[in-house]
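Take a look at the structure first, and then we will walk through the rings together.

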Amino acid sequence: MKEELLQPSDFVKLSHDEKQGETVVRESISAWKDAWFRLKTNRMAMISLWILALIVLVTIFGQLIAPHDFSTQDLSATNKAPSSDHWFGTDSLGRDMFARTWMGSGISLQVGIYAALVDLVVGVIMGGIMGYFGGKVDEILNRFCEILYSIPSLLVVILLIVVMEPSMFTIIVALSITGWINMAWIVRGQIMQLKNQEYVLAARSLGAGTTRILFKHLIPNAMGPIIVTITMTVPNAIFAEAFLSFLGLGVQSPAASLGTLINDAIKAMTVYPWRMLFPATLISLTMLCFNIFGDGLRDALDPKMKK
């Protein structure tokens, strides 16, 4: 059988609409939008984020809706069980536990957030300098960090709080003395990987200075690990503050953090368990949600986790 040859009439030029029908187009999204999309698919991380948002809201407005002031003492209503008048019960001095629990949550969250911000600023600057300059600068600063890291942080914190007056500011300063070192090392590693990239070379060739290259090009491209580290720093600072307050080195009465409330409640835990239940549950839930959200954020920002 003779094969049929193709004729010029067999070739038809496609119209514009037919060309568009054959084109496969995907919406262009940025790395941050892609990370947010993948974070939203992580159910546990999003649940943790909503719980944290709820805790923050109730912490802000909790004392406004509380039926009693946190410092008002009523010796005729000591150690009362939760009721319609005192939603979380009362302590040994008749103070309302609902108002004191949310005030304690506010102090603990402030300590965690402020300590994390100090770690962010100091750690990013130190890590950026070590990673960008390298050589002798990196060696000297790295040895300084290793010396600080070798000193037990709890010992430094306790000594500083003993020397200074115990307060929220003192705790933040004490936690920040060595808390920035992990951030600095993480930023250092990221900067050392990024500083030889083509866009950095191009910026240097166009006359960009060290400060511009660091804060305009390198640090923004290392924001993923930095943000994840921050989400892990906050619960660590909250736990450290609660531990110090539990030892009696935290904020002083009539103010109270969650650690102070737990310390007061442990003396009568078996008799009045509700005094321990609410602050302990709140601090455990806060730390758990921060850690779960941090894990989800790390997975969302990791390019290796893309499908």
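**Aromatic rings around F88**

In this predicted model, F88 has a relative accessible area of 16%, so F88 counts as buried. F88 belongs to one aromatic cluster, together with W87, F98, W102 and F278.

*F88 with F98*

- The rings of F88 and F98 sit 5.0 Å apart, centre to centre, with 70 degrees between their planes, which makes the pair edge-to-face.
- F88 lies in the loop between helix 3 (43-65) and helix 4 (97-133), while F98 is in helix 4, 10 residues apart, and the pair links distant parts of the chain.
- F98 is buried too, because its relative accessible area is 7%, which is under the 20% cut-off.

*F88 with F278*

- F88 and F278 form a stacked pair, because their planes are at 0 degrees and their ring centres are 4.0 Å apart.
- F278 is part of helix 13 (residues 274-301) and F88 is in the loop between helix 3 and helix 4, so this pair ties together parts that are 190 residues apart in sequence.
- Is F278 buried or partly exposed? With a relative accessibility of 23%, F278 counts as partly exposed.

Notes
Residues numbered from 1 in each chain as written. Predicted model: local features only at pLDDT ≥ 70, side-chain atom pairs only at ≥ 80, totals over all residues. Heavy atoms only, no water. Phe/Tyr/Trp six-rings, centres within 6.5 Å; stacked < 30°, edge-to-face > 60°. Helix = DSSP H or I, 4+ residues; strand = E, 2+ residues; numbered from the N terminus. Buried < 20%, exposed > 50% of the residue type's maximum accessible area, 1.4 Å probe, protein only.
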